[in-house]
Amino acid sequence: KEHRSIASNTGIITSRALAVVFSHYSSFINMLIAFLQSMKLCEAFSISLLDVTNLTLRQEDSLQISDQLLFFPALIAEERPQDIKGPFKSGWCLKVVSRFSLSVRFLHILLLRLAYEYSIAVSSRDRPWVADGFERGCSVWINGIHWYNHDGIETLVEQVEDNQCVMMLMSCFEGAEAKMMQLHCKLIKTIMHLQQEYCPTLQCKEYLLAPRFQYPLDKLSKVAHYDMEDLRIRISQNKTSILCVDATNIPAMPIAELL
């Protein structure tokens, strides 16, 4: 809150802007950046990244050769974009089942990890598979991130329900289903690992979403969802269907269709 004056629609600022805010550390700006990175508060990357993505700086910022770009999730000033059109085919979420919430620190580190490792380095210029209306390469907002990759896979990760639920939605073009499932598993491992590291005392459960749903999803209760632990048990017992969680008048879902 103290430094919202340098917030941007992407959370990206220059090292020079950081030196102005922390003027008493301006002689040690590189050391300050290294400290902020080690505390998982920001990530540094090359200015050349602006040339191959749709990321931008604030209009009043001008770049110099000596500048370094810094991504601070805490400084993102943008709400959920209006141009995310889907349609998403696969959904998973991790929900807190106690009265507590996922920490803001967890969300910031999750956005840092996903943006830096999975989305931010994807070029937006060489995408022969991108359909009309899907030109945006990567969008980051105050509680979520949405991107495409070179395999034609669309991914959205968003924290909803007052920070009690992390939702991951995915889709892909025909022929990329196997690669989508590989990424699906990698992202789940990333989210689960960070939850265990930064919110280890929270009681959480995993759910799969029914294949047919409408985005945006602000509440898990708005879509049929299925307990992952129950799903694992039923598969081990050679069951062919599973019941929806907390829902009435919804028939059992065939497991083959859910997966």
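Strand E4 (residues 90–96) is mostly covered, with seven of its seven residues buried; buried means under 20% relative accessible area, exposed over 50% and partly exposed in between, with a 1.4 Å probe and protein chains only. Strands (E, at least two residues) and helices (H or I, at least four) are DSSP runs numbered from the N terminus. The model is predicted: local features need pLDDT of at least 70, side-chain atom pairs count only at pLDDT 80 or more, and totals for chains, interfaces and linings use all residues. Residues are numbered from 1 along each chain as its sequence is written, and side-chain values use heavy atoms, with hydrogens and water left out.

In a regular strand the side chains alternate between the two faces of the sheet. In E4, both faces are covered: Ser 90, Trp 92, Leu 94 and Val 96 are buried on one side, and Gly 91, Cys 93 and Lys 95 are buried on the other. E4 pairs with strand E8 (residues 165–172) in the antiparallel sense over six bridges; two strands pair if DSSP finds at least two bridges between them. Ser 90 stands opposite Met 170 in E8. E4 is also joined to strand E9 (residues 204–209), again antiparallel, by five bridges, and Val 96 has Cys 204 of E9 as its bridge partner.

A separate paragraph concerns the open sheet of three strands, whose order is E1-E3-E2 and whose pairing is antiparallel. Strand E1 (12–14) and strand E2 (43–45) are the edge strands, each pairing on one side only. Between E2 and strand E3 (residues 69–71) there are three bridges, and Phe 45 has Leu 69 in E3 as its bridge partner.

The largest nonpolar core has 48 residues, and Ile 145 and Val 157 have the most contacts inside it. A nonpolar core is a set of buried Ala, Val, Leu, Ile, Met, Phe, Trp, Tyr and Cys residues joined through side-chain atoms within 4.5 Å. Helix H4 (residues 104–119) gives the most to this core, with nine residues. A second, separate core of 17 residues includes Val 160, Cys 165, Leu 169 and Tyr 207. Apart from neighbours within four places in sequence, Val 157 is in contact (heavy atoms within 4.5 Å) with residues including Leu 110, Leu 114, Ile 145, Trp 147 and Ile 191.

Ala 176 is found in the loop between E8 and helix H5 (177–198). Ala 176 counts as buried because its relative accessibility is 7%. Not counting residues up to four places away in sequence, Ala 176 touches Asp 151 and Ile 153.
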